[in-house]
Amino acid sequence: MTDNFDTIIIGGGHAGIEAGLASAKMGVKTLLVTTNLDTIGQMSCNPSVGGLGKSQLVVEIDALGGEIGFNTDKTGISFKMLNTKKGPAVWSLRAQVDRRKYREEMQKTLKKQENLAVKQGLVTEILVDKHSHSERHSPVIASPDIYRDEAISRVSGIKTKEGMEFTAETVVITAGTFLNGLIHIGLNHFASGRMGELPSIELSESLGKIGFKLGRFKTGTSPRIDKKTVNFKVLKPHDFDKTPSHFSYRTNRFEPEQVPCWITHTNKKTHKIILDNLDRSPLYQKVIKGIGPRYCPSIEDKVVRFRDKDAHQVFLEPDGLDTDEYYLNGLATSLPMDVQLKFLHTIKGLEEVKILKPGYGIEYDVVPPYQVYPTLETKIIKNLYLAGQINGTSGYEEAASQGIIAGINAGLKVMKKKPFILK
């Protein structure tokens, strides 16, 4: 079976959503393909948006017509302006988000968008056509070294494992951690793009075959715990702002139902358990080969690298208003489940805690970004764009930022207009 579109977006994470909405809003016939329709907009790690080095990205996306800030305003459950004791230039808004509601609201937004089709499928191959020298890039941007005539082929579409073939003039890959994804819990590991979801192994192989140099990154997430087993009486609340700010210029009535986060700390006992079990850590036993992106150190990393520190801060963050699940921000780990439980029980307020979902490490393939132009179009395959974690980024906000830029440029390419590069 075949079908034709102007632009195809591979992936339904934060980059894919912004890319798909951007190109569709420009009047370009767009297809978004993802492995699972139910997890579009999933917040794979901590359920929060914004914060230091992140909030300005959310507002800039909003200024371009993007969705992440507007959706956060609709589904946020705790808004706090950080750094208010300093000057306003470094103030940063951060919002705790209801994970389920964020996903559901984003899916509603996609369904309502004209020119956008959403389909479930596991993409296995990027289709390319050879083209002549005369068809290669022309220097349409002022800086002469941005395009260097490196493209050897032109993208023509995609194939899926289910037997579908979609053709398009432009394609944007926003694969997140799914490219050849491998999850680690202790010395056990298994193929997965995210816990419980299929990895994109063939798609990664396809990128290698058509000439991309691939790298390997790793990141991780923390255990999720049961709220009913936490002793909140001994914890310090991290309160929300009584008169909260919001991200989006489109937000009018803003009266969110808010709940606090909570603060605790690791201690010397916690650190000793972690150090005593490094022989069971996939990171320190070199089972994990990938390097970490910026801003995402595991608790093992922090304890080993900062042995002079007796404590590290941990935030207990609610996953939503209608769930007992809490995320432990600051405790990303790939240690075995029994070690995770053991070190958690040394932390104030968590002495009797129960784990609902273990923390884990995940390795995935990336395309080191010297292979893309500032437009996020690839240098060797014309009309193919990469956005988000495939370029080595970390964080929803950075993924969404790259997604909207890639989606805009993919749409402009279809419309035969000059590319868009923010200064």
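Me: Which residues are buried in helix α6 (residues 268–276)?

Reply: In this predicted model, the buried residues of helix α6 are Thr270, His271, Ile273 and Ile274. They lie on the same side of α6, because the arc they cover around the axis is only 160 degrees.

Me: What does the face of α6 turned away from its buried side carry?

Reply: That face carries the exposed residues Lys268, Lys269 and Lys272, whereas the buried residues of α6 pack against α7 (299–305) and α8 (337–344).

Me: Which residue caps the N-terminal end of α6?

Reply: The cap can be read from a side-chain oxygen and a backbone nitrogen: Asn267 caps the N-terminal end of α6, with a side-chain oxygen lying 3.0 Å from the backbone nitrogen of Lys269.

Me: Turning to Asp73, is this residue buried or exposed?

Reply: Burial is judged by relative accessible area, with buried meaning under 20%. Asp73 has a relative accessible area of 7%, and is therefore buried; its place is in helix α3 (residues 68–75).

Me: With which residues is Asp73 in contact, leaving aside its neighbours within four places in sequence?

Reply: Once those neighbours are set aside, Asp73 is in contact with Phe79, His246, Phe247, Ser248, Thr251 and Phe254.

Me: How many residues apart along the chain are Asp73 and Leu110, and what separates their C-alpha atoms?

Reply: Asp73 and Leu110 are 37 residues apart along the chain, and a distance of 17 Å separates their C-alpha atoms.

Technical notes:
Residues are numbered from 1 along each chain as its sequence is written. This is a predicted model: local features need pLDDT of at least 70, side-chain atom pairs count only at pLDDT 80 or more; totals for chains, interfaces and linings use all residues. Side-chain values use heavy atoms; hydrogens and water are left out. Helices (H or I, at least four residues) and strands (E, at least two) are DSSP runs, numbered from the N terminus. Buried means under 20% relative accessible area, exposed over 50%, partly exposed in between (1.4 Å probe, protein chains only). Contact means heavy atoms within 4.5 Å. The arc is that of the directions from the helix axis to the C-beta atoms. A polar contact is a pair of N or O atoms within 3.5 Å; within protein, one must be able to donate a hydrogen and the other to accept it, and residues adjacent in sequence count only if both atoms are side-chain atoms.
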